[in-house]
Each structure stands twice: as structure tokens, then as C-alpha cells.
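Look over the sequence and the structure shown here before reading on. The report below goes through it one part at a time.

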Amino acid sequence: MILIHCPYCDEKRPEIEFANAGQAHIARPLDPAGQSDADWEAYLFIRANPRGRHHERWRHVHGCGRFFNAVRDTVTDKFETTYKAGEPRR
Amino acid sequence: MSDTLIRHEPVSDVPFVADGVRISLAPPMQRHALRARNAEDLERLLKVKLPRNIGASEGGIMCLGPDEWYLRSEAGAAIPKGEGLHLAVTNVSERSICLVIEGPRASEILMAGCPLDLDQFAVGRATRTIYETVEIIILREAEDRFHVEVWRSFSAWLWTAMTTAARH
């Protein structure tokens, strides 16, 4: 079982306590009314699908309940680092 | 009216006893979910000191998350509601029941379904985690005694899973 470091609990916890919540660092448009259909499509549906290093949101759902960001390698499934939500991209 | 109703517990009120472990239902108690951005606001309201580290417990209060605490108190204890303050005190007494797992094999029975390493889990620590597929809160009361808080609707299943583990 993979152990994932939760930046809020500050310890490594078993992966079944966590839930993946998709790609990280996707900012909601500040001016929703000014967005075109194509902009909305990009915001809502278009996601990176890299082979390798990927920024993801995770949630420690059966633990502290917090969302945080993680850098995971999609090939090896190895977590490079995790950091609190709101912190700059690593 | 309500105090004349008969309580109906979802698991047996007769303790399960097996070699080295005893699993029993804790008496009814009050439970409150406490949420606040600033722990000081809750401390002023409840007039107690809150544990600040996630996983710590102190005086019946467990710190489950950065802004979340879980308060367990005797049935009937008065807890202020904190109207108008930037915090939430929610009575969740009947949401869960508490199973007491005690005996020298207590941590072994829990680790049969919980992925945490409970040998490294100090006395007084509390955390939300998972048993097989059921979300639970574990509190280590003593070296060989754990409290397991579980939602009522999951408790019959958990009881069966734990007593089965204890039989082996």
C-alpha cells in the first residue's frame, strides 16, 4: 500500500484514506460572464494528461478531510511531494 | 415525550468476549462536532483548552482536522451553542455509537481491518480513519483499550467484522 504524506496531519498515511480530486491549479475565471463558450469548455473539461510528472488535488477524506496538492508521477505512481492548498505550484 | 422512548441500539448490548479481547458498546453520550477557523473562539465559548495538533485529544475533545474538533461529553451535559459567533457547534450525539475494544489483543483486532500501524499509535491519540470500508474514529484510551466511534448505520457491519476478526 502506498503511504501518502498529508501536509495538514504532517504524517504519512495509507492511500485508502485519500481520494483523488483531479488536476490541480485550475483557477476559476474571475469574470464568468465575460467568458466565451470555448473558454468555459477549456476551464471545465480540458485537462492535461501527462505521462510522468502531474500536479493533482487530493483529499484526505477519511482523515482530516482537507484538500491538498500533490506531484505524482503517472508512470510509477510515486508521490514526489505534497503541499497545502493555496501554496504555489512546485 | 422523548425521554419515555426506549433506546434501540444497532448492536448487541451484551459484550462480545473472545480470547484476549472484549468488544462492548459504550453507554450513550453526547457528541458535538466543533468547527471554527480560530480555535480561540471555541476556547472562549467552551472555556476549555483545545488540543491544537491534529490527532491529539484532551479532556474529551479530539482534534480531527485543522479546523475541526470532536467533543464527547456525558449525556445531558450543557454545551453552549455559540449563536452569532463565527463557529459551528453541532449536536451529532445520535449519529454514531462507540465500541470499546479492550484486552491485550485489542490493537491486533483493529489492525485486522485498519491500515494504520497502531503499535506506533500513542495513548491519547485520536484520528479519523477507515476499517475495511467503514469510516471510524479511533481513540486510544489506554495501552490495551480503544474507543471506536462509528456511524450507527455502519455499526452492525463493523461489529460483525470485528467479532469475526476476534474469533480467529
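How many of the seven residues of S11(B) are buried? The answer is five, so S11(B) is largely enclosed by the rest of the structure. The model is a predicted one.

## The sheet around S11(B)

S11(B) belongs to an open sheet of six strands in chain B, and the order across the sheet is S1-S2-S8-S11-S10-S9. The pairing in this sheet is antiparallel. Strand S1 (16–18) and strand S9 (126–131) of chain B are the edge strands, each pairing on one side only. From one strand to the next, the twist averages 25°.

With S8(B), S11(B) pairs in the antiparallel sense over seven bridges.

The link between S10(B) and S11(B) is a hairpin that runs through two residues.

## The helix across the sheet

Helix H3 (residues 152–167) of chain B lies across S1, strand S2 (21–25), strand S8 (96–102), S9, S10 and S11 of chain B. The direction of H3 is at about 140° to S11(B).

## Two domains in chain B

Chain B is divided into domain 1 (2–28 + 95–167) and domain 2 (29–91). The C-alpha centres of domain 1 and domain 2 of chain B lie 22 Å apart. Their contact takes 12 residues from domain 1 of chain B and eight residues from domain 2 of chain B.

Which strands supply the domain 1 side of this contact in chain B? S9 and S10 of chain B each supply at least two residues of the side that touches domain 2. S9(B) gives the most to that side, with three residues. Sorted by class, the side of domain 1 of chain B that touches domain 2 of chain B has six nonpolar, three polar and three charged residues.

## The nonpolar core

The largest nonpolar core has 46 residues. Those with the most contacts inside this core are Met62(B), Trp69(B), Ile101(B), Ile109(B) and Ile138(B). Both domain 1 and domain 2 of chain B give residues to this core, so the core lies between them. In soluble globular proteins, nonpolar side chains tend to be buried together.

Ile101(B) shows what such contacts look like. Leaving aside neighbours within four places in sequence, Ile101(B) is in contact with Val21(B), Ile23(B), Ala106(B), Ile109(B), Leu110(B), Phe146(B) and Val148(B).

## Chain A

The contact between the two chains takes 11 residues from chain A and 13 residues from chain B. By class, the chain A side that touches chain B has six nonpolar, three polar and two charged residues.

Is Gly86(A) buried or exposed? Gly86(A) is found in the segment after strand S6 (79–84) of chain A. Gly86(A) has 8 C-beta neighbours inside 10 Å, and therefore counts as exposed. Gly86(A) and Asn69(A) are 17 residues apart in sequence, while their C-alpha atoms are 8.6 Å apart in space.

Methods. Residues are numbered from 1 along each chain as its sequence is written. Chains are lettered from A and ligands numbered from 1 in the order in which they are written. This is a predicted model: local features need pLDDT of at least 70, side-chain atom pairs count only at pLDDT 80 or more; totals for chains, interfaces and linings use all residues. Helices (H or I, at least four residues) and strands (E, at least two) are DSSP runs, numbered from the N terminus. A residue is buried if 20 or more other C-beta atoms lie within 10 Å of its own, exposed if 12 or fewer, and partly exposed in between; C-beta atoms are placed from the backbone. A nonpolar core is a set of buried Ala, Val, Leu, Ile, Met, Phe, Trp, Tyr and Cys residues joined through C-beta atoms within 7 Å. Domain bounds come from an automatic or database domain assignment. Two residues are in contact if their C-beta atoms, placed from the backbone, lie within 7 Å. Two strands pair if DSSP finds at least two bridges between them. Axes are lines fitted to C-alpha atoms, for helices over the stretch in contact, and angles run from 0 to 180 degrees between N-to-C directions. Ala, Val, Leu, Ile, Met, Phe, Trp, Tyr, Cys and Pro count as nonpolar, Asp, Glu, Lys and Arg as charged, and the others, Gly among them, as polar.
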